[in-house]
Amino acid sequence: MVLNLFHVAAAQESFSTHPPLPSGYSSIRVFDNQGKFVGRIMPERRYWVPISRIPTFLQKAVVAVEDSRFYEHSGIDLRGIARALVKDVVKRRMAEGGSTITQQLIKNKFLSGEKSLDRKVQEGLMAIEFEKKYTKQQILEMYFNEIYYGNGAWGIAQAARVYFDKNPEDLTDAECAMLAGIPKSPGRYNPLGKTANVTGRRDVVLKRMVDLNMITPRQRQALRSNPVSVTKPGQVPQYLAHIRNKLIERYGVGIIEQGGLDVIAALNLNLQKQAEQALREGVKKISPDLQGALVCLDAATGDLLAAVGGVNVTQDSYNRAFAARRQPGSAIKPLIYAAALENGYTAGSMFNDAPVAYDRGNNQVWKPLNYGRKTYGDLSLRQALAYSSNVVAVKLLDAIQVPYFVEYAGKMGLSLRAQNGLALALGTEEVTLNELVQAYTPLAAGGSRIEARSIIRVYDRRSHAWTENPPKVTPVISPAAAFVTTQMLKDVMTYGTAKNLTKFSSMYPSAGKTGTTDDYRDAWFVGYTPQIVTGVWVGYDKPRPGGKNFTGGVIAAPVWEKFMRKVVASKQAVEFTKPETVVSVSIDPATGYLSTPGCPDKRDEFYIAGTEPIEYCPKHGDTGVLSPATPPMDTEGKQIGVGTELTEKGGLEKE
């Protein structure tokens with residue numbers, strides 16, 4: 001048999017295979033906005049720990065439980081091999097017993113996990129050669145730095161960090177006893193495992209140390225009675241990963257390896273858990289293959305109170321809230337309407353939703369269509385937005401011009417490409433949920449764009465200094481346009497495409513918009529109160545149709561409501577603040593003119609000052625019975641909004 005002894009020679013040339021562990025290291029600790037511990041952000045690099053920084057107690061404990069004759073044998077322990085052979089005969093299989101610390105090191109460092117006689121012989125011969133080249137202390141040092149301790153922790157440096165947030169030299173005897181028991185079965189005996197298994201293995205270690213006169217029975221009893229505080233793993237891994245990225249953006253990649261920070265996050269841990277539950281339960285009851293995301297921002301500060309990037313956040317590192325780019329469908333329309341309001345149009349402006357053909361070149365025309373190809377004649381912009389009319393949205397975008405809208409959307413925080421043309425009105429350009437939610441913040445915050453903030457402040461434990469991260473608030477649209485658009489979006493939740501939220505909106509002043517893409521591939525709802533902006537996306541990772549009822553109102557809005565009821569439960573319901581630059585006048589909603597006593601329907605409509613109508617309704621006389629405004633009728637005499645939802649259907653057709 002030929003041995004690969006060149007591996008041993010290579011090991012001698014590079015004794016330390018990782019950089020030395022810096023002294024005084026401590027991890028980055030993250031707390032939520034209520035001071036609750038969230039988790040830690042730790043270095044990903046492995047470090048080498050010299051034997052002088054490994055507690056003597058830990059060295060003794062490992063020798064006691066793994067290889068009590070370590071300092072006597074020359075690489076292999078014949079007594080141990082004999083005992084192992086007896087066990088093999090009894091169990092009628094090849095076991096791993098009898099391996100010395102040197103053999104374990106050889107196996108971990110150079111060999112596979114194959115269980116065979118040839119491999120055991122090779123392991124033994126290599127161990128003998130290894131012992132000729134290195135001292136016992138050097139071998140023990142390599143062992144501590146190469147062995148696996150479970151939960152991704154390779155070597156004692158990572159193990160001390162993962163389980164106790166310490167450097168090895170700072171470990172207590174009780175912590176050392178627990179770590180010494182791990183190598184036999186890292187998945188079973190690591191400190192985050194079942195308490196009975198972990199403490200049972202620790203007791204084996206301590207008993208073995210007593211048997212070898214390394215400690216006294218009294219010391220053993222004291223160590224068994226000494227409670228060990230194990231650092232729990234992070235509760236929200238995706239949010240922690242997001243904070244990690246933000247720290248790197250601010251301080252550079254070296255900050256993670258440096259550590260020593262306390263981060264106060266914008267996260268509200270309770271709301272995060274509620275968001276995870278609402279998304280998971282709402283999505284999984286539809287289909288086990290569906291995915292989703294949720295983002296919740298404070299409308300005043302931009303604080304990222306909750307961010308859920310999937311239905312299984314503990315098992316899935318892909319954060320769809322920030323990384324998945326999908327078409328928002330009609331959820332883009334409120335931005336178009338806000339832009340139109342600042343371009344002279346009003347909530348009472350009338351548009352006819354008869355389809356119009358747009359030249360696409362190459363003898364092709366584009367005819368945007370409403371759901372079911374129905375037309376309803378004249379609609380006010382308020383009604384068209386509530387019912388999510390595609391035709392009116394395209395006509396409105398055509399009226400204000402694409403370049404103007406692209407610039408306007410950019411100010412609100414959404415980067416769009418003008419070359420997509422009028423199709424932008426149907427939400428054909430892909431965005432992330434986080435981007436879309438941030439673009440809604442000017443509507444909720446009186447015209448100011450609020451940048452999402454995941455870190456509130458950072459404390460450097462070395463310099464004992466705080467660094468604040470104040471909210472970034474930028475006025476981008478007029479407060480009047482934000483308010484009037486919001487008042488229009490209220491109707492979405494009362495008689496529009498999210499009318500299933502009527503009860504919620506009657507209790508808590510709120511506004512929002514559904515989004516349903518062509519072929520029902522993506523379902524969205526972004527809604528807000530004066531205090532909170534929350535968006536929900538639901539769809540398949542590999543886009544495919546979800547069926548005719550796979551709409552923003554049916555799929556995403558209920559998830560939004562379930563979560564938002566938890567959010568607003570502890571907050572006082574307040575109305576959106578009306579700016580002085582907004583006026584209210586009574587109009588005939590069927591014509592958009594000032595109402596007369598003879599108008600059968602009237603409503604108080606909001607306008608940016610200077611855009612309100614000045615002429616009275618020419619269609620009605622000066623007498624008539626006043627009655628509440630009712631939804632308009634379609635060409636078949638049916639009320640719009642009664643059992644219907646206009647989704648974002650459109651397509652290429654040849655004339």
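For the cavity search I worked on a 1 Å grid over the protein atoms alone, where a cavity is a set of points that a 1.4 Å probe fits but cannot get out of, a pocket is an open set with protein on both sides within 12 Å along at least five of seven lines, and lining residues have an atom within 4 Å of a point. Grid points are joined across faces, edges and corners, and a volume is the space filled by probe spheres set on the points.

I note that this is a predicted model, in which local features need pLDDT of at least 70 and side-chain atom pairs count only at pLDDT 80 or more, while totals for chains, interfaces and linings use all residues. Residues are numbered from 1 along each chain as its sequence is written, and side-chain values use heavy atoms, with hydrogens and water left out.

**Entry: cavities.** I searched the whole structure and found three cavities of 30 Å³ or more. The largest cavity holds about 50 Å³ of space, and its lining includes Tyr-508, Pro-509, Thr-529, Lys-571 and Val-574. I sorted that lining into six nonpolar residues, three polar and one charged, taking Ala, Val, Leu, Ile, Met, Phe, Trp, Tyr, Cys and Pro as nonpolar, Asp, Glu, Lys and Arg as charged, and the others, Gly among them, as polar.

**Entry: second largest pocket.** I read a volume of about 700 Å³ for the second largest pocket. It is lined by 24 residues, of which Arg-40, Met-42, Gly-234, Pro-237 and Leu-240 are the closest to its centre. Two or more lining residues come from each of β2 (37–41), α7 (155–164) and α12 (237–251), and α12 gives the most, with five. The lining of this pocket divides into 10 nonpolar, eight polar and six charged residues.

**Entry: overall build.** I counted 23 helices and 19 strands, using DSSP runs numbered from the N terminus (helices H or I, at least four residues; strands E, at least two). Of the 655 residues in the protein, 54% are buried, where buried means under 20% relative accessible area with a 1.4 Å probe and protein chains only. Among contacts (heavy atoms within 4.5 Å) between residues at least 6 apart in sequence, 71% join residues at least 24 apart.

**Entry: cores.** I took a nonpolar core as a set of buried Ala, Val, Leu, Ile, Met, Phe, Trp, Tyr and Cys residues joined through side-chain atoms within 4.5 Å. The largest has 129 residues, and Phe-405 and Phe-563 have the most contacts inside it. Helix α23 (residues 552–568) supplies the largest share of this core, nine residues. Apart from it lies another core of 53 residues, among them Val-62, Leu-140, Ile-147 and Val-162.

**Entry: Leu-381.** Is Leu-381 buried or exposed? I find it buried, at 1% relative accessibility, in helix α17 (residues 381–386). Leu-381 and Gly-348 are 33 residues apart in sequence, yet 6.0 Å apart in space, C-alpha to C-alpha. Not counting residues up to four places away in sequence, Leu-381 touches residues including Tyr-337, Phe-351, Leu-396 and Met-488.

**Entry: Asn-197.** I located Asn-197 in helix α10 (residues 195–211), and Asn-197 counts as buried because its relative accessible area is 19%. Its side chain makes a polar contact with the side chain of Arg-188 at 3.2 Å; such a contact is a pair of N or O atoms within 3.5 Å, where within protein one must be able to donate a hydrogen and the other to accept it, and residues adjacent in sequence count only if both atoms are side-chain atoms.

Note on methods. Buried means under 20% relative accessible area, exposed over 50%, partly exposed in between (1.4 Å probe, protein chains only).
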